[in-house]
Amino acid sequence: MMETPYYLIHKDMLDEGMEKLKKALADYWPNAAIGYSFKTNALPWVLQYMKEQGCRAEVVSQDEYELAEYMGYERMIYNGPVKGKESFLRACAAGQIVNLDAKRELGWLREACASGQTVQVGIRVNFDLEALCPGEASGGEEGGRFGFSYENGDFARALEALSGIPGASFAGIHLHCSSRTRSLNIYRAIAQTACRLRREYDLKLSYIDVGGGYFGGLANKPQYADYLREMSEILREEYDPAETMLIVEPGTSLICPPIEYVTSVTDAKETNRNHFVVTDGSRIHVDPLMTKKSYFHHIEYAGSESQRECLKKQVVSGFTCMENDRLFEIADGPALREGDRIVYEKVGAYTMCLSPLFISWFPAVWLEENGALRLVREKWSAREYAQASLWKEKET
């Protein structure tokens with residue numbers, strides 16, 4: 001039995017999600033590309049898997065761009081407001097999809113075209129999603145902060161500036177929006193905005209990038225086919241799939257469902273106020289921002305549970321020294337004991353990439369495929385933690 005805590009990737013579930021996405025694209029918009037969101041989970045095994053599935057690297061920083069190069073990606077989508085200039089110029093020279101998000105990038109684009117090079121770029125459009133889908137946009141009444149605003153004219157000004165750069169041409173729009181609901185309404189609004197922009201500016205686009213943010217792995221929520229059907233129906237009013245590629249950028253919907261986090265109970269203690277269950281796992285590994293109120297999980301009891309005392313309340317806690325490292329409560333359940341295991345499900349998104357090196361280093365990651373287990377990341381030790389640190393003179 002593997003030492004806890006560890007992450008466990010179920011490859012069959014990952015394959016299933018990828019197959020559903022590809023089928024939905026083939027059914028509703030065959031001229032499509034998948035950009036895997038590095039920010040969601042950049043575990044090297046995951047990145048290699050996505051590359052083998054034909055995904056492009058969707059990256060948002062110079063570090064991520066260089067990681068994609070290191071991992072052997074030949075096709076990339078470069079998004080985000082804080083791209084590095086050096087990697088921006090490399091991406092332009094390599095013919096990658098680059099979506100402008102900041103005004104300084106127009107200056108970089110002019111520099112990229114100065115040598116006579118022809119560069120095609122897209123523009124990320126900031127539009128008022130909250131007005132179209134009240135109560136659903138992540139930014140709420142404050143609005144989103146990414147891209148060039150359609151409503152205040154910044155998008156039009158960016159188009160005009162782009163047209164004034166010799167050698168530069170406008171290829172596509174990026175319309176990703178973060179939402180609280182992941183509802184079909186969000187993607188209808190994205191598709192409607194793409195159509196409105198085409199009519200208003202007479203756009204001829206090589207691609208429309210609708211971003212990510214989809215549900216995944218939940219039977220009672222919208223599926224890839226639902227999202228693609230809704231968007232396709234609207235987009236076909238103004239765009240021909242044979243001429244315009246549709247780009248989707250899934251992250252959470254693909255990598256969240258197939259990954260579990262396995263922990264063990266190490267102690268149970270009574271205080272005058274509570275019964276605490278201590279585990280070798282932590283909230284920081286399944287909820288790094290500590291914002292969630294519940295977690296998909298199940299308990300694997302070591303030995304019979306029927307003969308255990310039933311406790312009115314148990315507070316399941318993590319290994320850290322933070323009082324708020326409390327994951328959930330068990331009401332009227334069998335008393336947990338040392339050696340019992342708690343398995344957290346659907347934890348593959350924004351966990352490994354955001355978990356801090358706090359008190360304990362990164363846990364191991366195992367892969368389950370056809371019933372066999374394989375280690376795909378070793379548990380970090382003091383050696384990995386200290387790597388690249390200049391804390392003593394190098395030995396000669």
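Predicted model: local features only at pLDDT ≥ 70, side-chain atom pairs only at ≥ 80, totals over all residues.
Residues are numbered from 1 along each chain as its sequence is written, and side-chain values use heavy atoms, with hydrogens and water left out.

Helices (H or I, at least four residues) and strands (E, at least two) are DSSP runs, numbered from the N terminus. A residue is called buried under 20% relative accessible area, exposed over 50%, and partly exposed in between, with a 1.4 Å probe and protein chains only.

Just after α2 comes glycine 54, which takes a positive phi of about 90°.

The aromatic rings come next. A pair of aromatic rings is described by the distance of the centres and the angle of the planes. Rings of Phe, Tyr and Trp (its six-membered ring) pair if their centres lie within 6.5 Å; planes under 30 degrees apart count as stacked, over 60 as edge-to-face and the rest as tilted. A search of the whole structure finds 16 aromatic pairs. Phenylalanine 155 is buried, with a relative accessible area of 0%, whereas tyrosine 201 is partly exposed, with 26%.

A stacked arrangement is seen in tryptophan 361 and tyrosine 385, because their ring centres are 4.2 Å apart and their planes stand at 15°. Tryptophan 361 sits in the loop between β16 (341–344) and β17 (364–369), and tyrosine 385 in helix α12 (residues 382–386), so the pair ties together parts that are 24 residues apart in sequence. Tryptophan 361 is partly exposed, with a relative accessible area of 24%, and tyrosine 385 is also partly exposed, with 43%. Elsewhere, ring pairs link Tyr7, Tyr261, Tyr295, Phe328 and Tyr344 into a cluster.

Charged side chains form another set of contacts. A salt bridge is a side-chain nitrogen of Lys or Arg within 4 Å of a carboxyl oxygen of Asp or Glu, and the structure holds 20 salt bridges. One of these joins lysine 83 to glutamate 105, with the closest N and O atoms 3.1 Å apart. The pair links distant parts of the chain: lysine 83 is in the loop between β4 (76–78) and α4 (85–93), and glutamate 105 is in helix α5 (residues 104–113), 22 residues apart. Both lysine 83 and glutamate 105 are buried.

Arginine 90 is partly exposed, with a relative accessible area of 25%.

A further salt bridge connects lysine 313 and glutamate 329, with 3.8 Å between the closest N and O atoms. Here strand β14 (residues 310–317) supplies lysine 313 and strand β15 (residues 326–334) supplies glutamate 329, the two being 16 residues apart. Lysine 313 counts as partly exposed at 36% relative accessibility, while glutamate 329 counts as exposed at 52%. Salt bridges that share partners also join Lys11, Asp15 and Glu369 into one network.

Patches are made of residues with over 30% relative accessible area and no salt bridge; like charges are joined within 9 Å, and nonpolar side chains (Val, Leu, Ile, Met, Phe, Trp, Tyr) within 5 Å. Leu289, Tyr350 and Leu354 form a nonpolar surface patch, with about 290 Å² of accessible area together. Accessible areas come from the Shrake-Rupley method with a 1.4 Å probe. Tyrosine 350 is found in the loop between β16 and β17, and this residue is partly exposed, with a relative accessible area of 33%.
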